[in-house]
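Hi there,

Here is the structure I promised to pass on.

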Amino acid sequence: MATENQGWRDALLADLRTRYERRFVRSRQAQERALRYLIDGGSHTMRLFDPFPFRAVSAQGARVRDLDGHEIIDYWQGHYANILGHNPAAITGPLAEALNRGHGLQTGIVEETQTDLAELLLSRTGDERVRFTTAGSLATMYCTILARAFTGRTMVIKIAGGWHGAQPLALRGTRYGREGFDGLDSLGLPQESASETVVTRYNDLDDLQAVFKRHGDRAACLLIEPFLGTSGFIAATPEYLRTARELTWRYGALLICDEIISGFRFCAAGLQKLYGVQADLSTYGKIVGGGMPVAAVTGRADVLALAGKATGRKVLFEGGTYSAHPASMLAGKVMLEHLVQHESTLYPQLAAAGERLRAGIEKVFADHGVLARCTGRGNEVLPGSSMIQVHFPCREDVALDSPDLVWNPQHCDVAMREQVLKLGLLLRDVNVSHGLGALSAAHSEADLSQTLEAFDWLAGEIARARG
Ligand SMILES: Cc1ncc(COP(=O)(O)O)c(C=O)c1O
């Protein structure tokens, strides 16, 4: 059954929208001002949901206070970067102290914190070298350029639904559209974005093998998230990631693991460590920046050396006024030290909270006769997970193991997940994205209970609207 034309759901959404507009009056006024200066009122589309986003005034731990005085439990948590919650003292303390003694804003002069963070990061990932930049999009762009230069090939194989930031060689198949996950995602891209980027279906061994058979000799790299983020919160199966490693070796392409979301989310290292796979290049960001703009390309010394003096700097992976920014390096260092020190307790605690929420959400919907399923669960190598998306499949047997299932309105009610949950839960002071988001160490048992109450209330509204 297709879910595109559900009249009752659209009526519910209209009602929630009216209630939201009434409840967030100051934020609506702020949006009107912002629209005079900013495209759509801001600079990041994910933050600019309809009819207008609520405005944060301050944030601490699990909660954000907004302009209208609400205390909102937040599962967006800085685009999933804030694994310790908002503004944790463990990071703001050392940052404030450093700023007071004249260390923090950019100097453009090399300092030691960068080496400290590099040493710590590599000791955890098992990679040989790292170079820092400021955004995940840049990091994945540098990876693809390095891979093309290293292999002397041009083709990039990526996952249908894989998001690697707005970088031209990965802007194919990131949004679900008429061609499924295979269209170009933007106008203005170089012709190569169409001719040299090929997509393959996530967790589909047959398709991966077929794509390598067809294009493997021309492939510079396979770019893959070991835990698929935006497109579904789906962990790669161990066999899939192992096969990705073997095929890239066999065909002479580089394996690039994009760990911008998964890095330090499930253990104090990259997720590939739990899978026993070592990529040629990897990207890290989000958590690794401790709430500050940091992204890193880690990997093999011989590949990264293409950016260095010894090889004549053949790849222009350099520059960046704010790369290795001192305050960012310090925040990243403090964050990683904290995660390493608390690894044995923090990750199991997060995973247990994740499981409690997943089971609780599925139950409250079931109690109201609404079929809802959560993704984000672990598997035989990933013991548990603090990432959760809530989906509304049309039938019990929709597998939810690939983005084309969770984003196709023929299989899942996408509007229910993306819009009804977003506005409905905000009426109960809970902020979610793509159905939920990421837990942090700051989310307490009471926060989880309040969240489940909010879901219970909304499930009742949905059941009533459906009639
Ligand atoms: C897996 C993945 N790669 C890359 C990026 C891009 O990172 P940034 O937003 O820092 O440019 C993101 C952003 O969400 C991401 O989720």
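Which residue in E10 is the bridge partner of isoleucine 224? It is cysteine 257. Before I go on, two points about the source. This is a predicted model, in which local features need pLDDT of at least 70 and side-chain atom pairs count only at pLDDT 80 or more, while totals for chains, interfaces and linings use all residues. Residues are numbered from 1 along each chain as its sequence is written.

**Around strand E7**

The helices (H or I, at least four residues) and strands (E, at least two) are DSSP runs, numbered from the N terminus. Two strands pair if DSSP finds at least two bridges between them. Strand E7 covers residues 219-224, and four bridges join E7 to strand E10 (residues 254-258), with the two running parallel. E7 also pairs in the parallel sense with strand E5 (residues 155-159), again over four bridges. Within that pairing, valine 156 has cysteine 221 of E7 as its bridge partner. Six of the six residues of E7 are buried, so the strand is largely enclosed by the rest of the structure. Here a residue is buried if 20 or more other C-beta atoms lie within 10 Å of its own, exposed if 12 or fewer, and partly exposed in between, with C-beta atoms placed from the backbone.

**The core**

A nonpolar core is a set of buried Ala, Val, Leu, Ile, Met, Phe, Trp, Tyr and Cys residues joined through C-beta atoms within 7 Å. The largest one has 130 residues, and those with the most contacts inside it are Leu146, Cys221, Leu222, Leu254 and Ile256. Helix H6 gives the most to this core, with eight residues. The core draws at least three residues from each of domain 1 and domain 2. Leucine 146 touches Leu281, Val303, Leu304, Leu306, Val315 and Phe317, leaving aside residues up to four places away in sequence; contact means C-beta atoms, placed from the backbone, within 7 Å.

**The ligand**

The ligand is surrounded by 15 residues, the closest being Ala135, Gly136, Ser137, Gly165 and Ile260. A residue is near the molecule if its C-beta atom, placed from the backbone, lies within 6 Å of it. H6 (residues 136-151) gives the most to this shell, with three residues. By class, the shell has five nonpolar, eight polar and two charged residues. In this scheme Ala, Val, Leu, Ile, Met, Phe, Trp, Tyr, Cys and Pro count as nonpolar, Asp, Glu, Lys and Arg as charged, and the others, Gly among them, as polar.

**Two domains**

The protein chain is divided into domain 1 (7-75 + 344-466) and domain 2 (89-341), with bounds from an automatic or database domain assignment. Taken over C-alpha atoms, the domain centres are separated by 27 Å. Across the boundary, 23 residues of domain 1 are in contact with 25 residues of domain 2. On the side of domain 1 that touches domain 2, helix H13 (343-367), strand E14 (387-391) and helix H14 (403-406) each supply at least two residues. The residues of that side divide into ten nonpolar, ten polar and three charged.

E1 and strand E2 (residues 63-66) pair in the antiparallel sense over four bridges; alanine 59 has valine 64 of E2 as its bridge partner.

**Backbone details to look at**

Most residues other than glycine have a negative phi, and most peptide bonds are trans.

- Aspartate 50 and proline 51 are joined by a cis peptide bond, with omega about 0°. Proline 51 sits in the loop between helix H2 (25-34) and strand E1 (56-60).
- Histidine 79, in helix H3 (residues 77-80), has a positive phi of about 60°. It counts as partly exposed, with 18 C-beta neighbours inside 10 Å.
- Lysine 286 has a positive phi of about 35° and lies in the loop between strand E11 (281-284) and strand E12 (295-299). With 26 C-beta neighbours inside 10 Å, lysine 286 counts as buried.

Conventions. Contact = placed C-beta atoms within 7 Å.
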